[in-house]
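Thanks for making the time this morning.

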Amino acid sequence: MSAACRAPHSTNRSRSRAALLGAGAAVAALTLSACSSGGTSGGSGNTNFVTGSDGIATAGKGERQDGPKLEGETLEGKHLDVADYKGKIVVLNVWGSWCSPCRAEAPNFAKVSKDLKDKGVQFVGINTRDPQKGPALTFEKEWKISYPSLHDPMGKLMLRFPKGTMNPKFIPSTIILDREGKIAARSQQALNEEKLRKMIDPLIAEK
């Protein structure tokens, strides 16, 4: 793992960091995690995903699991409940300001989110492993991210996803919910514009 892919703080301070963040499964998982430009599915479970050669996993309509309950405070200090977007396609992107692949994909998310806003597509970020909001807010400003992000410094929201659909070791990750709030597509890599649209466009076309 390169230094650019590590979360803030040096390796020799990992124990101190864990103590500051608190005990529990979320901390244990995140202490071991690292940003990645690819990887395999995390955990077992009957996800009904079919993974293509491009690393994008999809589940057919009628074979999708319900998305988890995701709500909390955004980086701007407002309350957000993803359930309020039911009826729209929701693109969930897990990112951190410390993550180089997240910076690489950010311009693509900024552009596509604006392009598809009037087509019933809502982007929501899940900002993780940023103990303070400041660096994350700077990240959003730098890359012109206009959609909201839930602040999830300990990765608790990530652990709410059904088994096998989300791996907290892979950041960035993107999960797309269909209009019924079910998990339709997943990627555990940084996405270029083409791949991001490839995940969303079939859901826009669904009736």
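Predicted model: local features only at pLDDT ≥ 70, side-chain atom pairs only at ≥ 80, totals over all residues.

Leu 92 has Ile 175 in β10 as its bridge partner, and the two strands concerned, β6 (residues 89-95) and β10 (residues 173-177), run antiparallel and are joined by 5 bridges. Strands here, like helices, are DSSP runs numbered from the N terminus, with at least two residues (E) for a strand and at least four (H or I) for a helix, and two strands are taken to pair if DSSP finds at least two bridges between them.

Residues are numbered from 1 along each chain as its sequence is written, and side-chain values use heavy atoms, with hydrogens and water left out.

To return to β6, strand β7 (residues 121-128) runs parallel to β6 and is joined to it by 7 bridges, with Trp 95 standing opposite Asn 127.

How many residues of β6 are buried? The count is 7 of 7, where buried means under 20% relative accessible area, exposed over 50% and partly exposed in between, using a 1.4 Å probe and protein chains only. Both faces are covered, with Ile 89, Val 91, Asn 93 and Trp 95 on one side and Val 90, Leu 92 and Val 94 on the other. For the protein chain as a whole, 48% of the 207 residues count as buried, and its secondary structure comes to 5 helices and 11 strands.

Asp 81, in strand β5 (residues 79-81), counts as buried because its relative accessibility is 11%. Its side chain makes a polar contact of 2.6 Å with that of Lys 69, a polar contact being a pair of N or O atoms within 3.5 Å, where within protein one must be able to donate a hydrogen and the other to accept it, and residues adjacent in sequence count only if both atoms are side-chain atoms.

Finally, Lys 207 lies in the segment after α5 (193-205) and counts as exposed because its relative accessibility is 85%.
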